[in-house]
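Here are some friendly notes to read alongside the model.

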Protein chains: 2
Amino acid sequence: MSGAALPPERFEAWLRDEGARRYHATHPFHLRMHAGALTPEQLRRWVLNRYYYQTRIPVKDALILSKSEDPRFRRWWIQRLHDHDDEDGGLALWLRMAGAVGCDVEEVASCRAVLPGVRFACDAYVTLVRDATLVEAVASSLTECFAPDLMAERVAAWERHYPWVPRDALTYFRARVPRARTDGAQALTFVLREARTYDVQARCVQALVRKTEILWSLLDAVEQAGGTVPP
Amino acid sequence: MSGAALPPERFEAWLRDEGARRYHATHPFHLRMHAGALTPEQLRRWVLNRYYYQTRIPVKDALILSKSEDPRFRRWWIQRLHDHDDEDGGLALWLRMAGAVGCDVEEVASCRAVLPGVRFACDAYVTLVRDATLVEAVASSLTECFAPDLMAERVAAWERHYPWVPRDALTYFRARVPRARTDGAQALTFVLREARTYDVQARCVQALVRKTEILWSLLDAVEQAGGTVPP
């Protein structure tokens with residue numbers, strides 16, 4: 001059992017099943033966010049804390065770059081750094097959104113008010129990627145396969161339930177829907193191709209599961225800090 | 001003594017002194033290369049082995065990226081990855097040169113014939129960068145401050161002494177002269193600004209010294225493998 005790799009379609013089904021079941025789309029905090037039940041303060045707390053996660057993305061993507069021996073892989077993956085770091089990239093858009101929802105942008109950018117539990121979870125993502133093989137590290141990014149639906153839902157929910165948020169504050173999420181779809185599909189193709197034994201496939205699933213735990217734990221910390229959430 | 005940083009001009013002089021004295025421009029193998037004393041086989045051995053060093057450059061630059069918390073720094077440093085990885089970048093140009101001097105390009109690209117001593121030295125560079133702080137890792141790149149003269153000398157020496165090498169095989173070195181000058185100067189500015197205590201300054205000098213040892217050791221291994229070099 002341990003040597004022979006699963007056929008790609010069974011490996012993909014395994015990844016999708018474990019990933020979809022554990023993805024934070026169904027976290028109670030997200031459910032309340034999308035039902036319009038968050039106060040402005042709760043929404044701002046999420047924006048501030050989640051920004052720390054956003055700042056870890058280029059760091060872990062640079063670590064992934066450093067693990068590859070293939071310039072073609074690196075030419076592909078480096079686009080992710082540009083997507084977040086460029087002057088009009090994801091980090092800048094997130095800070096613009098933070099200002100639009102009423103956060104102190106300088107405080108958000110400094111990350112000094114990030115909740116300890118959020119910090120531990122996000123740092124665990126960098127550690128996971130640092131210690132993983134290339135294919136496992138890429139597998140940990142496969143939560144992107146589930147992100148487009150969540151982000152499309154978020155845009156619709158914010159427009160409907162939080163009309164006080166300026167429409168153009170949502171540019172980051174709108175831009176991420178097609179980008180995450182492409183990135184997720186390409187990363188999945190890479191993992192399906194490069195995980196060539198059952199053991200490596202199992203480690204890829206484990207990396208994806210760990211990543212879903214990180215995302216879930218981040219929301220747990222945000223929710224915990226918010227006290228009782230109104231119905 | 002241990003707390004107060006040296007003024008920038010004294011710190012710079014320290015870096016330049018230690019770097020210039022130990023830089024591999026004066027390694028016997030380089031002296032013979034530039035005097036026209038290498039056989040085609042010896043030149044090809046250097047090209048093949050030095051390619052392994054070239055492949056470590058984007059890996060260590062990605063590690064440096066991963067150490068920075070500043071998108072502006074990363075927007076600056078990421079250019080180095082493009083310089084080596086892009087389709088017409090440094091790695092591609094090096095392989096073109098390898099073909100032009102008569103190497104088996106596929107063998108060079110595979111790195112399978114790299115001498116053990118060369119491999120250890122180059123891997124030590126990646127380890128040095130991985131384990132260093134950001135400013136120390138950048139300091140280890142300051143050998144670039146001494147590279148332009150060596151590379152200009154190399155181009156002239158090859159054109160004069162190795163006329164069997166096609167002129168356009170030297171594109172990589174020609175392109176590196178201005179690029180290394182700019183990169184070295186900018187990295188120096190960063191190190192002078194960011195090393196804010198004497199201890200950190202001393203560790204930066206140590207990182208640069210270690211890097212010069214790595215470059216020197218690479219040539220030792222190439223020379224050792226070549227047997228007696230003709231006068």
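1. A polar contact here is a pair of N or O atoms within 3.5 Å; within protein, one must be able to donate a hydrogen and the other to accept it, and residues adjacent in sequence count only if both atoms are side-chain atoms. Across the interface of chain A and chain B, that rule finds seven residue pairs in polar contact, with both residues at pLDDT 80 or more.

2. Some background on the reading. This is a predicted model, in which local features need pLDDT of at least 70 and side-chain atom pairs count only at pLDDT 80 or more, while totals for chains, interfaces and linings use all residues. Residues are numbered from 1 along each chain as its sequence is written, chains are lettered from A and ligands numbered from 1 in the order in which they are written, and side-chain values use heavy atoms, with hydrogens and water left out.

3. How many residues of each chain take part? In chain A, 19 residues are in contact (heavy atoms within 4.5 Å) with 19 residues of chain B. Between them the two chains bury about 1,600 Å², and 58% of this is on carbon and sulfur atoms; buried area is the accessible area (1.4 Å probe) that two parts lose on being put together, summed over both. A:Arg74, A:Arg75 and A:Asp85 supply 30% of the area that chain A buries against chain B, more than any other three residues.

4. Charged pairs also deserve a look. Six salt bridges are counted between chain A and chain B, each a side-chain nitrogen of Lys or Arg within 4 Å of a carboxyl oxygen of Asp or Glu. In one of them, A:Arg74 pairs with B:Asp85, with the closest N and O atoms 2.6 Å apart. On the side of chain A that touches chain B, helix H3 (40-67) and helix H4 (71-85) each supply at least two residues; helices are DSSP runs (H or I, at least four residues), numbered from the N terminus.

5. What relates the two copies? Chain A superposes on chain B by a rotation of 180° with 0.0 Å of shift along its axis (RMSD 0.0 Å), by least squares on the C-alpha atoms of residues with pLDDT of at least 70 in both. The copies are therefore related as by a two-fold rotation axis. A:Ala62 comes closest to that axis among the residues of chain A, at 2.6 Å (C-alpha).
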